[in-house]
Amino acid sequence: RTIDGKAWTKVNANCGSTSFVVSDLISGQEYFFRVRAENRFGVGPPAETIQRTTARDPIHPPDPPIKLKIGLVTKNTVSLTWKPPKNDGGAPVTHYNVECLRWDRTGEVKETWKQCNRRDVEETKFTVEDLVEGGEYEFRVKAVNIAGPSRPSATVGPLVVKDQTCPPSIELKEFMEVEEGTDVNIVAKIKGVPFPTLTWQKASPKKPDDKNPVLYDEHVNKIVGEDSCTLLIQQSRRSDTGLYTITAVNNLGTASKEMRLNVLGRPGPPVGPIKFESILADKMTISWLPPLDDGGSKITNYVIEKKEANRRTWVPVTNEPKECLFTVPKLMEGHEYVFRIMAQNKYGIGEPLDSEPETARNLFTVPGPCDKPTVSSITRDSMTVNWEEPEHDGGSPITGYWLERKETTGKRWTRVNRDPIKPMALGVSYKVTGLIEGSEYQFRVSAINAAGVGPPSMPSDPAIARDPIAPPGPPIPKVTDWTKSSVDLEWTPPVKDGGSRITGYIVEYKEEGKEEWEKVKDKEIRGTKFVVTGLKEGCFYKFRVRAVNAAGIGEPGEVTDIIEMKDRIVAPDINLDASVRDRIVVHAGGVIRIIAYVSGKPAPTVTWSRDDRALPEEANIEETAISSSLVIKNCKRSHQGVYTLLAKNAGGERKKTIIVDVLDVPGPVGMPFLTENLTSDSCKLTWFTPEDDGGSPITNYIIEKRESDHRAWTPVSYTVTRQNATVQGLTEGKAYFFRIAAENIIGMGPFTETTKELIIRDPITVPDRPEDLEVKAVTKNSVTLTWNPPKYNGGSDITMYVLESRLIGKEKFHRVTKEKMLD
């Protein structure tokens with residue numbers, strides 16, 4: 001029962017021992033327990049615990065602390081830090097004990113471990129004081145809970161106690177970006193002994209060299225820790241943006257680090273004044289300059305509001321403008337208005353810029369007419385119209401133009417552009433498309449300003465829509481061959497035909513050292529090939545080609561190389577016909593045809609061979625000016641091999657090899673013979689694979705039979721893949737001949753026939769021994785014996801029995817009877 005309860009609760013149903021584990025207790029609850037013995041007569045009186053018991057896990061001392069490290073060391077102090085133990089032993093760690101051990105100069109222990117802290121150390125750091133300067137110490141820490149102290153941590157040291165010095169160093173991130181109103185902590189990690197003096201400076205990002213000390217107040221404060229210095233900026237503002245520098249100084253040196261802080265917020269007001277670019281009775285166009293401060297973020301748009309000068313309420317106009325120009329519509333003529341503009345970024349809307357009051361009224365008239373436009377860049381479906389702005393703009397800048405067209409045969413003018421054409425600095429031009437080839441057009445233009453559309457200009461001169469014609473561009477020629485007195489030229493037509501069909505070409509040449517080009521032919525040359533003849537052997541020539549169309553002769557395309565007139569030597573080259581591969585397969589009886597195109601200068605001599613020997617007698621060689629072909633008709637297996645074509649001339653030699661496989665039916669199988677399993681209606685045949693498989697794997701063997709007194713052969717099986725088979729369905733006592741042929745993917749080979757007839761019958765063996773031999777009667781000189789026939793007669797009737805006997809002690813049996821005994 002619990003200590004605050006009165007009722008006892010039975011824990012177990014049955015317990016035969018003197019110990020028991022009570023489960024399902026509540027952690028932290030206090031309990032009393034009692035035990036009663038029971039026998040077959042009943043339950044005895046209880047024995048009750050005197051002291052209360054709390055349900056909780058057993059408590060042990062904690063594990064030792066971990067990661068003990070040495071911090072600052074002076075001439076008589078050492079700073080230590082550590083981490084709590086991984087296991088607190090089941091109870092919270094209440095404090096820590098720090099111990100030290102001193103060594104003498106000989107390296108021997110001078111003292112035993114002693115506790116350094118007079119009071120309980122509750123934090124995971126401690127500074128050991130009153131150490132002997134120059135002394136050598138080791139340190140360790142113990143964690144303590146209600147169960148007692150832990151084992152000591154790993155030791156650190158030995159360490160000589162003396163003042164440590166090191167120059168200052170700083171760790172500081174290089175950039176921070178925060179939103180306006182956010183508290184900013186710029187934390188610098190500081191190292192240095194003695195601890196350095198720290199100062200903060202600030203500079204504008206635009207003037208990084210102009211640094212000023214940071215002034216500390218309620219907005220900006222400096223917090224110095226044991227190994228850090230924090231610059232705290234509360235409720236950051238845009239003005240806090242800048243380049244911050246912290247400098248650390250001690251007697252060993254100086255260190256500095258910079259960090260750029262960017263505080264993002266709403267933009268500042270646009271730069272004024274607001275200008276009125278145009279004023280009309282129902283609208284005004286206003287302009288302004290972007291704010292000097294964009295809030296650290298791109299300006300997304302501007303918010304424009306208006307109010308009448310004699311009222312207080314602002315009315316929204318738009319928040320769409322992204323540029324610093326906008327036309328405010330729907331104004332009332334004669335009313336005086338004030339406008340204000342605010343820049344907006346992703347952080348919000350900035351402060352406004354207000355305009356001076358202005359009255360909505362017309363100050364302008366429509367512009368005057370433009371001069372007569374001109375037409376240029378005429379094609380079959382487009383023209384470019386050009387014009388200048390009108391002499392009088394009506395007192396307001398020209399904002400655009402309307403362009404109209406009409407066919408000279410019609411009377412109706414049609415507007416060309418959907419939106420006004422924007423004015424340009426030096427005249428205006430506009431490309432009109434969608435014209436009808438062969439039609440004649442005129443154009444006129446009207447200027448637009450804030451007051452409206454001015455009168456149209458005089459119509460342009462008529463112009464017909466058609467492509468302009470110009471001489472063609474240069475062809476791209478090349479020399480494809482030459483001899484000692486001629487050159488073969490070939491060229492590609494020009495990329496641009498000048499708008500007219502190419503009618504021919506002019507080929508020209510000149511001898512090296514001469515200035516004048518000579519035509520090879522007075523008339524234009526049709527096609528894109530020409531052979532220049534009659535040239536001087538040993539001379540050097542240049543060549544060029546010019547295209548001709550209806551507009552005249554175009555620019556020349558020149559051959560880049562200078563050609564020397566001498567016979568050209570080109571090493572042989574061999575290319576197989578598309579029907580030929582490096583390996584060809586032909587069925588027996590077919591045609592082996594290898595076509596090769598042979599080139600080279602002078603013309604190469606060509607020789608054929610097979611397996612590096614002479615060609616078969618059946619092979620025929622067919623020659624043309626550009627090819628050499630090997631042909632074997634009605635080919636056989638013996639014609640397969642590696643065929644080689646060799647081409648030679650003064651420039652060298654070239655080889656080409658082609659592997660030829662000739663496929664045929666298999667050859668005859670090895671002579672079949674009877675192996676075993678001869679029965680009264682079957683026999684087993686065995687044979688050898690053909691010496692020649694016909695160039696293709698054997699897929700099947702065909703077996704046929706015939707009786708010795710018949711001429712006709714009868715199939716036995718069509719699907720045999722091994723070199724043996726059992727022939728069944730034979731007639732006992734009959735004599736048979738058999739023949740076998742191999743088959744591959746090409747077909748069936750010749751039959752191989754058995755030379756001797758085979759008589760079908762069961763094979764005969766000796767019989768088994770007789771069964772159940774017994775002695776039935778014995779006299780002084782005779783013995784009567786009985787037995788049963790053997791279970792197996794060996795395949796033939798029992799013809800007789802042989803009876804033998806031997807004397808006891810002798811080894812050899814002797815025959816008793818001489819005549820045949822049948823039973």
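These legends describe close-up views of a predicted model.

**View 1. Two stretches carry the annotation "domain: Ig-like".** The label comes from an unreviewed UniProt entry and covers residues 167–262 and 572–659. Over residues 167–262 the chain is 68% strand and 0% helix. The C-alpha atoms at the ends of residues 167–262 lie 31 Å apart. Over residues 572–659 the chain is 60% strand, again with 0% helix. Here the end C-alpha atoms are 21 Å apart.

**View 2. Strand 52 pairs with strand 53.** Strand 53 spans residues 627–632. Look for N620, which stands opposite V631 in strand 53.

**View 3. The largest pocket.** Its volume is about 1,100 Å³. A total of 27 residues line the largest pocket, and the closest to its centre are V11, N12, R34, V35 and R36. Sorted by class, the lining of the largest pocket holds 13 nonpolar, nine polar and five charged residues.

**View 4. The second largest pocket.** This pocket holds about 910 Å³ of space. Its lining has 27 residues. Nearest the centre of the second largest pocket lie G71, L72, S79, E226 and D227. Several strands each give two or more residues to this lining: strand 7 (66–73), strand 8 (78–83), strand 11 (125–128), strand 15 (166–171) and strand 17 (184–193). By class, the lining of the second largest pocket comprises 11 nonpolar, six polar and 10 charged residues.

**View 5. A salt bridge joins K211 and E258.** The closest N and O atoms of this pair are 3.2 Å apart. K211 sits in strand 19 (residues 207–213), and E258 sits in strand 23 (residues 253–264). The pair links distant parts of the chain, with K211 and E258 47 residues apart. A search of the whole structure finds 27 salt bridges.

How values were computed. Residues are numbered from 1 along each chain as its sequence is written. This is a predicted model: local features need pLDDT of at least 70, side-chain atom pairs count only at pLDDT 80 or more; totals for chains, interfaces and linings use all residues. Side-chain values use heavy atoms; hydrogens and water are left out. UniProt positions are given in the numbering used here, feature names are shortened, and annotations may be inferred rather than shown by experiment. Helices (H or I, at least four residues) and strands (E, at least two) are DSSP runs, numbered from the N terminus. Two strands pair if DSSP finds at least two bridges between them. On a 1 Å grid over the protein atoms alone, a cavity is a set of points where a 1.4 Å probe fits but cannot get out, and a pocket is an open set with protein on both sides within 12 Å along at least five of seven lines; lining residues have an atom within 4 Å of a point. Grid points are joined across faces, edges and corners, and a volume is the space filled by probe spheres set on the points. Ala, Val, Leu, Ile, Met, Phe, Trp, Tyr, Cys and Pro count as nonpolar, Asp, Glu, Lys and Arg as charged, and the others, Gly among them, as polar. A salt bridge is a side-chain nitrogen of Lys or Arg within 4 Å of a carboxyl oxygen of Asp or Glu.
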